[in-house]
Amino acid sequence: MGLVNWEWHGRSAANGAAALLASVAAIALSAQPANAQQAADQQTDQTKKTDEEKAAPAGATLLDQILVISRTGETAIESLASASHVGQEQLNRRMATTPNEMLLGVPGVAAQADARRVSTSINIRGLQDFGRVAVIVDGARQNFQRSDHGTQSTFYIDPELVKSVDVIRGPVANTYGSGAIGGVVFFDTKDAADFLKPDETWAGSVTGRYDSNGKGWTTSASGAYRFNENWDALGNIVYRNYDDYKDGGGDTVKGTGFDVLSGLLKTTIRPTDNSELKLSWVGSSDAWTEISGGVPVNDVDLKSNTFTARYNITDEDKSWLDLHINTSYNKTNLDLTSLVPQNRFDPVTGLPVVLPAGSQSTFDVGTTGIDIWNTSRFETGGIAHELTYGGDWAGDNVKTGGAAGGDSFYTPSGKRNVSGAYVQDKLTWEWLEVIAGLRYDSYSLKDDTRDTSGDRVSPRITVGVTPFESAGLAGLQFYGTYAEGYRSPSITETLISGNHPAGVSFPFLPNPNLRPETGKTTEFGINYKQNDMIEAGDALRIKAAYFNNDVDDYIDGVTLSPFDPTSGCPFGPGIPICFQYQNFAKAKINGFEMEGVYDAAWGYAGLSASIINGHTISYEGDRADLATIPSSQVTAQLGLRFLEDKLTVGGEVQYNGKPKGNAVAKNYTLVNAFASYQATNNLKVDFRADNLFDVKYANPLNGSTTVAVYEPGITLKLAATMRFGG
């Protein structure tokens, strides 16, 4: 049952607490402006903006904040790469239930999820699944995989536990682990230091939230304690209970309800002035019912646990020593119990069998990782160097089991190890910046009968120039990049075997001869930052890039004919086709991305966009549309601040364009609205309306699944948070 056994009692108490807080929220919203002014007068000096904060407004720090994932302490606007940062303010405003909602408007990033929505696969620039996008929680790779229609790789993290999200797109992220030819998404969970005020020893908060669509309740409680100036700890527990939601057409989408309990424990210890150790655990216990043909067929129980230890030590000036040592272990256990007898095909013989009610299948995936790097900063001949060098290792241990014909048979057991070492030098001289790096990757993969391995060296070169000195153009920077990445085949891609479980029987063929993928990306981009443009204290930040990614030996599933003697598909009665993962000559993906924000005292305005196209090319030269190309998107955001920044209201409009070659997708536009009100020092109220015009739409990435899953229609969210401390 996983590393942590959860029990949850008193659901009515949780619902009652949420209802009470929602009632408080309604009262607070109806308060007179005089009360708001009184609350503003009661603010402590700690909550007031400093002069530095006014010079760099909060909204602009969306691109000005240091990326947690950066090896050299860069902000997104400084990075010579397509990088984005989503901070706590943005996460609070989105009132996210799922990771997909946390990533709203991040260019080039999409999320695929089935009806449950809490299990998510992230797509960056048309690449996803099997480790092409490295999803990292507090330094731990999330590599859970279960063979099914639709998405193949999923992870589990409750948005309430997350402090920030960093995204780096493309294989320039190759210092963050093997295989990330699409990019990296790093979820950083909350810290006690972010929760406690400087003069507090302890603090706590309770949040209650109600969602109208699905009649969903969320209850969250946080507590933090500062033992001394060098040691603090934080705990957070979140419970969500959602019924099936309705789509934009008013139809109930069966199987979309869920009941999930999540938690976070984190402690930070600072042994010296120049060192820090963070220990954390993130866990999730989830339960839901799978639907097929409108009938419940499986009960699913999931336990996910992530343990991390992150240590950093520097010399006094952060010159030669800036050493990071991260270790992690992630374990995900999924148990499937059939509710009704199910007609299946025996995975070995292909003959019809009946899987009786109560039959179980298990999926256990454990990932162990270690990541060590150091950055040395020095100068030679007037050129500043930031030399980063390190190595990493990750091991997947997959164990599946169950009754004959059970689903776990098609997710093979096995072990895979990937490791790498790299060196990268960032050179800066006046208006010129150059980043040059090399990464070495190796992998091994095996089960009881097969063993395969490989290795490769991947380069990166980036050149950035800031050629202008005039006031209006001094913040304009141009860059160009060529980078390569290397992804080894996964256990499932290499070892899947047996017969298709239901519907039509056909065999899956293993392919131990799969070659690794090599991503080769060329990118040209601009960064622009300017302060005090229209009024004192305002700020403008813009990032834009064009990219072209050629993925050599791209791996995808293909159907083979038994009538073709060269296919390897056996000819026999009842074998219409075979399925096998094979290499294509390449996948070609190109596109454009931009994001920008203007922030001033009165509010902020943001705009982001992404256009992505892609196709595969076989070794015979045949082209085919790439099914994982997401919608082209344009997202506009506007927020207005009132009552000395105590009240923020605004909205978002997002246009989604039909991907080329997607037979089921359509164009659609979503409109959202939000409001946030700091009623007192200890009470905050949030309101949000998602899909305000009740549009009926489906995620184009789900177009390859057997049943179209429409997304939620209009959803009203109301939450209240009470905080206390001393």
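This is a predicted model: local features need pLDDT of at least 70, side-chain atom pairs count only at pLDDT 80 or more; totals for chains, interfaces and linings use all residues.
Biologist: OK, how many helices and strands are in the chain?

Modeller: The chain has eight helices and 36 strands, taken as DSSP runs numbered from the N terminus (helices H or I, at least four residues; strands E, at least two). Of its 726 residues, 56% count as buried.

Biologist: And β22, why is it largely enclosed?

Modeller: Strand β22 spans residues 476-487, and because ten of its twelve residues are buried, the rest of the structure largely encloses it.

Biologist: Which strand does β22 join through six bridges?

Modeller: That is β21 (residues 451-465), which runs antiparallel to β22; two strands count as paired if DSSP finds at least two bridges between them. In this pairing Ile 461 stands opposite Tyr 482 of β22. Strand β22 also pairs with β25 (residues 517-531), again in the antiparallel sense, over twelve bridges, and there Leu 476 faces Tyr 528 in β25.

Biologist: Switching topic, what is the strand order in the open sheet of five strands?

Modeller: The order is β1-β6-β7-β4-β5, and the pairing is mixed. Its edge strands are β1 (83-86) and β5 (140-141), each of which pairs on one side only. For β1, the pairing with β6 (residues 162-169) is antiparallel and covers four bridges, with Val 86 opposite Val 165 in β6.

Biologist: Now Lys 543: what is the nearest side chain of opposite charge?

Modeller: It is Glu 595, 6.7 Å away, and Lys 543 is buried without a salt bridge, which would need a side-chain nitrogen of Lys or Arg within 4 Å of a carboxyl oxygen of Asp or Glu.

Biologist: Then which backbone oxygens does the Lys 543 side chain reach?

Modeller: The side chain of Lys 543, a residue of strand β26 (residues 539-552), reaches the backbone oxygen of Ala 76 at 2.9 Å, and one of its polar atoms lies 3.0 Å from the backbone oxygen of Ala 81. Beyond neighbours within four places in sequence, Lys 543 is in contact (heavy atoms within 4.5 Å) with residues including Leu 63, Ile 526, Met 594 and Glu 595.

Biologist: What about Lys 254, buried or exposed?

Modeller: Lys 254 is exposed, at a relative accessible area of 53%, and sits in the loop between β10 (231-242) and β11 (258-269). Apart from neighbours within four places in sequence, Lys 254 contacts Asp 244, Ile 291 and Gly 294; Gly 294 is 40 residues away in sequence, with a C-alpha to C-alpha separation of 6.9 Å.

Biologist: Last one, where is Ser 567 found?

Modeller: Ser 567 is in the loop between β27 (555-560) and β28 (578-583), and its relative accessibility of 14% makes it count as buried. The side chain of Ser 567 reaches the backbone oxygen of Asp 564 at 2.9 Å and the backbone nitrogen of Cys 569 at 3.1 Å. Leaving aside neighbours within four places in sequence, Ser 567 is in contact with Leu 560 and Ser 561.

How values were computed. Residues are numbered from 1 along each chain as its sequence is written. Side-chain values use heavy atoms; hydrogens and water are left out. Buried means under 20% relative accessible area, exposed over 50%, partly exposed in between (1.4 Å probe, protein chains only). Lys and Arg count as positive and Asp and Glu as negative; His and the chain ends are not counted. A polar contact is a pair of N or O atoms within 3.5 Å; within protein, one must be able to donate a hydrogen and the other to accept it, and residues adjacent in sequence count only if both atoms are side-chain atoms.
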